[in-house]
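Hi,

Here is the structure I said I would pass on.

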Amino acid sequence: MEKRIAIIRGDGIGPEIMAQAQIVLDAVCEKFGHHFIYEEAPMGGNAVDAFGVPLPQSSLDTCLSCDAALLSAIGGPKWDSIEPSIRPEKGLLALRGGMGLYANLRPAQLFSQLADACPLRTDIAEKGIDFVVVRELIGGAYFGEHKTWTQENGETAASDLMIYREHEIRRILKVGFETAMKRRKKLCSVDKANVLDSSKLWRKLAKEIAAEYPEVELSHMYVDNCAMQLVRDPSQFDVIVTENLFGDILSDEASQITGSIGMLPSSSQGEGTRGLYEPIHGSAPDIAGKDLANPIGMILAAAMMLRYSLDMPAEADAIESAVSKVLESGLRTGDIMAPGMTQVGCKAMGQAIAEAI
Ligand code: NAD
């Protein structure tokens, strides 16, 4: 199969980890007989330097014309003090908006080989951690009206409007159900329906849409309970779907319980199958250009792209099991190094994973 992939190399360690993801994708092409065409889409600090803006229109057009976009990470101290409207992260926001990405998927997976990095008790970690948080990305309290005003009595008050329209809830719930269909078919819808009207509507629609997915086992959980269950027994979750503010907090909690920042991918999706795939970490300027970066989060983001945008589940499985195999063999980058293991650089890690495909 031939597919076009937009490549956003980014800043800092970005180009190093992207190169490894491409080596792994090339190995997938060879094994499964596919042909991937890579289209460069400069974004971030490097685009500010070259074009004066963090997201040139041509890069957005490239992303919109490809089957999926792969992003490493952007930003760095060099651009910290430039004019705020052209800072690298503005490019990322513009890209998400321009691609209409309303769903953020963040897998939380603990590789058994890295169990020592898990901050939870061993008996909890041993039950396994492997779930996805599906977070609504462009609605709710972050996008409602924000106001600060002085009341008649002179006291300052502030409010943030949390508004959800039916279509916004329906489309993210559908992403939740579809994600569950591609996994173990268990969906936990997280809300605060005992207090919030937006959550009551959310829960009503979740029950309604469940009729379209009879194979998916749907449960409901209040967000405060979910925060507790994530550290009490994360093995109970397969897919969690929730609104923007709750998802922001729960997805960070979820990534923390799995250990290293260098290991986790994420994806953002909108209508259709086109999505943006990236590791959860930043551009790590402190280790850029030293062959020290862990490319696994980036490589697993490529696996997510194969599964969710390119409908290549076997190919995604091949990458994920290659990562497991390489970790099993004892290879580690510096950030996940442990006694008795063999430390390698970014390139050697990417190469080993490609060879294991
Ligand atoms: P960071 O995630 O870049 O780094 C935090 C720490 O984790 C650093 O010590 C770094 O060396 C380490 N680290 C991160 N990724 C690693 C990897 N793959 N392998 C090994 N170690 C890794 O966060 P930060 O230092 O707060 O931010 C650095 C820059 O990245 C900033 O300019 C920030 O704005 C930007 N940033 C970009 C994104 C994005 O592109 N989506 C996200 C977060 C931060």
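Helix α1 makes a right-handed crossing as it passes α10. Before going further, please keep in mind that this is a predicted model. The axes of α1 (residues 14-32) and α10 come within 8 Å, with a crossing angle of roughly 45°. That angle makes the two helices oblique to one another. If you want to find the contact on screen, look on the α1 side for Ile17, Met18, Gln20, Ala21, Val24, Leu25 and Val28, which meet Met298, Ile299, Ala302, Met305 and Leu306 of α10. By class, that contact has eleven nonpolar residues, one polar and no charged.

Next, α10 and its other partner. Helix α10 covers residues 296-308 and helix α11 covers 313-328; their axes come within 7 Å and cross at roughly 160°. The cut-off for roughly antiparallel is over 145 degrees, so α10 and α11 count as roughly antiparallel. Their crossing is left-handed, whereas α1 passes α10 in a right-handed one. From α10, the residues involved are Ile296, Ile299, Leu300, Ala303, Leu306 and Arg307, and they meet Pro313, Glu315, Ala316, Asp317, Ile319, Glu320, Val323 and Leu327 of α11. This contact has ten nonpolar and four charged residues, with no polar ones.

And how do the axes of α1 and α11 cross? They come within 11 Å and cross at roughly 130°, and are therefore oblique to each other. Here too α1 makes a right-handed crossing. Val24, Leu25, Val28 and Phe32 are the α1 residues in the contact, and Ala314, Glu315, Ala318 and Ile319 are those of α11. Seven of these residues are nonpolar, one is charged and none is polar.

Two or more lining residues come from each of α4 (88-98), β4 (103-109), α9 (244-256), β11 (265-269) and β12 (275-279). Which element gives the most to this lining? That is α4, with five residues. As for its make-up, the lining has eleven nonpolar residues, seven polar and seven charged.

Cheers

How values were computed. Residues numbered from 1 in each chain as written. Predicted model: local features only at pLDDT ≥ 70, side-chain atom pairs only at ≥ 80, totals over all residues. Heavy atoms only, no water. Helix = DSSP H or I, 4+ residues; strand = E, 2+ residues; numbered from the N terminus. Nonpolar A, V, L, I, M, F, W, Y, C, P; charged D, E, K, R; others polar. Axes fitted to C-alpha atoms, helices over the stretch in contact; angles between N-to-C directions. Parallel < 35°, antiparallel > 145°, perpendicular 65-115°, else oblique. Left-handed = near helix turned anticlockwise from the far one by under 90°. Contact = heavy atoms within 4.5 Å.
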